[in-house]
Amino acid sequence: MRTRAQRWRSLSLAAIVASLALGVPLLLAGCAVDDRGPTAAVTGGEAGQAAEPPLPPGSWKTVHRSRQDIPHGVAQRAIWISRDQDVIDRAVLEFAMQLGRRWEFQPRQSCASADYFSQVTGVPTVDTGECWHVRAVNLGTAGDPHPVNLILAEFARSHDLYLPAVMVGVRFIRYHEGRLLQLDYLWNADLLLPPPPDRVWTPADWSNDAVAADPAKRTIMRTLQRWGQDWEPKVAATLPF
Amino acid sequence: MRRRRGQARAISGALVAAVLAAGTVEPSPTQAEPVGHARQVVRSVFGTVDAVRRPVVVDGDVFWREQIETGDESASRIVFLDETTLSTGPNSRVVIDEFVYAAGPGGGRVVIELGRGVMRFVSGIQPSSTYSVRTPNAMIGVRGTDFVVIVDDSLRTSVFVRRGAITLAAAGGGELSVGAGRAGKVDAGGHLAPGEPSAPESQEVAAATEITALLAISGEADPAVAAEAGDAGALSARKAQAAAARAATAASASGAGCGGC
């Protein structure tokens, strides 16, 4: 006859196995979505459709939209960009997952990182959580890049647009009862602060140390922080709990 | 030839004469003709003309002699009839002191007064000599297109030229030419700072950046900023530099996160 502790250990082991079984496909799903949807122009505003994220003011073009069945659910990815002449000035990245009723998200580790300029985390529970943070985003394509970087690079190349090597912005993450919503709102760092002559900003120029050493970069990140505070209720309305 | 402020002045003059003859008060601001409109408003921005204070709203008119004030973490971008762009940063106060839009040589005149705070000025389609910016202790003559002016709490005036050139005349005497990428200062006593023009101080760049960031992040991009990135044939070079930088950078490098991770 098993003791209570033994039963608890068995349950814990089962939970770990289940988490791994769920987590590995989800991780893969997050990196394997690369089918190209048709491009379309949309107008940003506060009143997004039910399943659509809120887009900031301006004209937005959908450059990618995909939906993929994954074990126990569905993963969706979408990318929007706005342009000013031949320059990509902003981008919005969406990654969403919907799992079956029996499957729930674990509190996400990506809610906290020393690499973020600032981070705000709500108290996570087993099936509900939220966080958002201000960060620089590396759009590098060397090595084994994320599909999003490749999609953006290919779109910029095929449309002859100026896509920077680094963007800065705010990421919001919310999950609740098998639904996950991750939204990145990004700005072209080269436009917010002109880089030195004859060069462009690279991700290393926007590391936390580099930001701390430059009052202008700190100003930009603080402005993003304030924008994130203002924008968070709109994201919350997209996935309420 | 278009003389919007000239017309406004003529109308106002006739009204004032009529009002004085009738022994009543001056015309209300609603009788003034607009000289531009607000293209962007971030948070708290108010305009005051003829002692009437009102919130400045996007696409709302802006009038001659109007005082524009911004609050904390606030900014505005005003586009005038002659396509001049005036952006103001947080806790700033500007007055549209004069605005005459007239095609042809010697016709127009635009004077903006910055009482405190920070503003960015991109001149419009009138001749450069049309434009000037006044601060408590300096007068800035425009010989180019794009510059930032800061009047700090101690009333020191700093000018940081992004494109083109300006002349900085100190109230206490002396004048200085400042070219692109350089800065000049006039101290609170109205004297040119020694050793100017110089490279802008980091705090001056930060003040200029705050206007750009507030407007670009809270609204749409400032066209002047994109133009700065793209003009003079620099766009294709920048594009190539950015593409090369992306191709040379592993997405996992540095502390920055990747686009989708």
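**View 1. The hairpin of β2(B) and β3(B), with B:D50 at a positive phi near 50°.** This hairpin has 2 residues between its strands. Here β2 covers residues 45-49 of chain B and β3 covers residues 52-55 of chain B, and they run antiparallel with 4 bridges. Pairing takes at least two DSSP bridges between two strands; strands are DSSP E runs of at least two residues and helices are H or I runs of at least four, numbered from the N terminus. Look for B:V49, which sits opposite B:V52 in β3(B). We're in a predicted model, where local features need pLDDT of at least 70 and side-chain atom pairs count only at pLDDT 80 or more, while totals for chains, interfaces and linings use all residues. Residues are numbered from 1 along each chain as its sequence is written, and chains are lettered from A and ligands numbered from 1 in the order in which they are written.

**View 2. Helix α2 of chain B, residues 202-218.** Its 17 residues take it 23 Å from first C-alpha to last, close to the expected 24 Å (1.5 Å times one less than the number of residues). Of those 17 residues, 15 are buried, meaning 20 or more other C-beta atoms, placed from the backbone, within 10 Å of a residue's own.

**View 3. The largest nonpolar core, 124 residues.** Such a core joins buried Ala, Val, Leu, Ile, Met, Phe, Trp, Tyr and Cys through C-beta atoms within 7 Å. A:I79, A:A91, A:L152, A:V168, B:V149 and B:V159 touch the most other members. The largest share, 10 residues, comes from α2(B).

Conventions:
A residue is buried if 20 or more other C-beta atoms lie within 10 Å of its own, exposed if 12 or fewer, and partly exposed in between; C-beta atoms are placed from the backbone.
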